[in-house]
Amino acid sequence: MHQALYRKWRPKSFDEVYGQDHITSILKYEIDNKKFSHAYLFCGSRGTGKTTCAKILAKAVNCLEPEGGNPCGRCAACLAVENGSATDVLEMDAASNNGVDNIRDIRDEVVYSPSSLKYRVYIIDEVHMLSPSAFNALLKTLEEPPEHVVFILATTELHKLPATIISRCQRFDFRRITTEVLKNHLLRIAEREGIEITESAAVILAKHAQGGMRDAISLLDLCAGSHRLIDDALVADTVGIGGREKMLDVVSAIARKDHEEIFAAVDETVQSSRDLTVFWQELISVYRDLLIVKTAKEPARYLDLTDSETEALTRIAKQFSTEQLTYHTQILNEAYPNMLRSNAVRRIIAELALVRMCDARLSSSPEAMLARIESLERRVASGVIQTPAPEAASEKTVNEEKAETARPARRQLKAASEDDDDMFRGDAPGAFKPSATPAPKKTVSATQVSAGQKIRTLKPFKNRAEALEIMDAKSPMLSSFFKNAKWYSDDDGNIVLKYETQFQIDNMKMFDGEPFFVSVISQVTGRPFTLANMKCECDAEKKGNDVIDKIIEAAENA
């Protein structure tokens, strides 16, 4: 049976552990000088060597002939621990054995001396999964264990551990392994295993592993199953990633507002059966790099890229402002959890988010407003928008004043001419009436016009929070269409939804949001609610009264 590469290449000594020199050097010193602690806490992300170092430490403390702090790997103790036959080294998975009874068993066992080794070692993996009562049972034993007992706790979520447990252990933080170290180790394994791989493909695998050695080796093992040269294209097809160049093409399409290319990129990802969430993670990673290029003085320090990739990224970053990148990042971050929760509509969420990224006018968030203001400032500075000269403006004002002054005079002359015609017409007796004055024109007041109309009174809908909670549970995607609206109720039992743009209303209706809203409101209010009682309006009055929106829209349309 084939043995997984990550198991085959698991380090057997501290010298074989890559990327954790700050930890292995201390452990070797403690073993070499016989000053090791009674309790250790190994914390860090997955695949960085926590369990591996715990097993090496278990061998090292029991080794009969340690070599510079490393276990010799030849004595009976090392061989027993290596093949799993040592009954004095117990490894427990706290994810499945997290009850207080499991810890009580350990507490009862520690009083007995080791049967064959010098020390009894307890390795508790994923220790953060223990219940509160189990932590309490472990606390006293962990603080003052017998001299022949060593505890090694491993966790990926340090914040879930009680402070009383952390303070009683010697803590080591395992760091994410750098891409360069991962790449070199993958090339070394490939050479020993007879696997053909290009250096660029190794770099892609190392980056996708996100600092985890086990993940990197597992990805190499997966790609090696094709039994041919592992290149960039094979890695992209096997792992399900789009590649850096394709991500940069998508970002360039967003800068050009090329909706056709954006939809094509999403369609290609879906048709090739790749995970859209992976596509989204890669896009977020690219925007992170763009923000670093745009804001950092020495971006190369924080970017794990080649010179050609850095040059391409810098070229694309010039097409965006910092405000635009911030606005786009906000949309990406908001869409990602919705995509994770809604498997069936991931494509719709991705496409709607990308369309919003192309046009800041489709969002009312502060980030979108800043992006629009920055774009306006840039257009004014470049001379695209010209402000009128003072002379022209004053001349125009004078002409307008003259015209306004002349209009009443012309109206008076016209009225006088009409009166003269009436007074001197000879076709009716008594037409000449010098003392007659023109009858005043009848006017109708605004009060009289609106007297027959019913005044609508809108009140905030008091059950909005409860309705949104039910919507989130039923369909997070459809719920998002109603969160940006303001909810009101009128005297006729209707619910009025006021949106900022007609685009938001059209989107909600396009995805059958109306029947969904009607069913939820009926459930919340406990009375029949029909589609006729649902009113959707564009809040144009507020938009027109917003001075900032007026200025920005006028400038954008100039």
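1. How do α9 and α11 lie relative to each other, roughly parallel or roughly antiparallel? In this predicted model, helix α9 and helix α11 (residues 232-239) pack with their axes 8 Å apart, at an angle of about 30°. Angles under 35 degrees count as roughly parallel, and α9 and α11 are therefore roughly parallel to each other. On the α9 side the contact uses S200, A201, I204, L205 and H208, and on the α11 side D232, V235 and V239. By class, five of these residues are nonpolar, two are polar and one is charged.

2. Helix α9 (residues 199-208) also packs against helix α8 (residues 179-193), where the axes are 8 Å apart and the angle is about 125°. The two helices α8 and α9 are therefore oblique to each other. The crossing of α8 past α9 is right-handed. From α8, the residues T179, L182, K183, L186 and L187 take part; from α9, their partners are E199, A202, V203, L205, A206 and K207. This contact of α8 with α9 consists of seven nonpolar, one polar and three charged residues.

3. R244, L248, V251 and S252 of α12 touch E309, A312, L313 and I316 of α15. Sorted by class, the contact of α12 with α15 has five nonpolar residues, one polar residue and two charged residues.

4. As an example of facing residues, I123 stands opposite I152 in β4. In general, strands of a sheet pair through backbone hydrogen bonds, in either the parallel or the antiparallel sense.

5. There is also an open sheet of four strands, ordered β6-β7-β8-β9, and its pairing is mixed. Here β6 (459-460) and β9 (534-538) are the edge strands; with a single partner strand each, they have one side left without a neighbour in the sheet. Strand β6 pairs with β7 (residues 486-489) in the antiparallel sense over two bridges. P460 has Y488 in β7 as its bridge partner.

6. Last, a point on confidence. The mean pLDDT of the protein chain is 81, and 82% of its residues reach 70 or more. Over residues 412-452 the pLDDT stays under 50, and the model has eight contacts beyond four places in sequence for them. Over residues 541-545 the pLDDT also stays under 50, with six such contacts beyond four places in sequence. Where pLDDT is low, the predicted coordinates should not be read in detail.

Conventions. Residues are numbered from 1 along each chain as its sequence is written. This is a predicted model: local features need pLDDT of at least 70, side-chain atom pairs count only at pLDDT 80 or more; totals for chains, interfaces and linings use all residues. Side-chain values use heavy atoms; hydrogens and water are left out. Axes are lines fitted to C-alpha atoms, for helices over the stretch in contact, and angles run from 0 to 180 degrees between N-to-C directions. Angles under 35 degrees count as roughly parallel, over 145 as roughly antiparallel, 65 to 115 as roughly perpendicular and the rest as oblique. A crossing is left-handed if the near helix is turned anticlockwise from the far one by less than a right angle, and right-handed if clockwise. Contact means heavy atoms within 4.5 Å. Ala, Val, Leu, Ile, Met, Phe, Trp, Tyr, Cys and Pro count as nonpolar, Asp, Glu, Lys and Arg as charged, and the others, Gly among them, as polar. pLDDT is the predictor's confidence in each residue, from 0 to 100. Two strands pair if DSSP finds at least two bridges between them.
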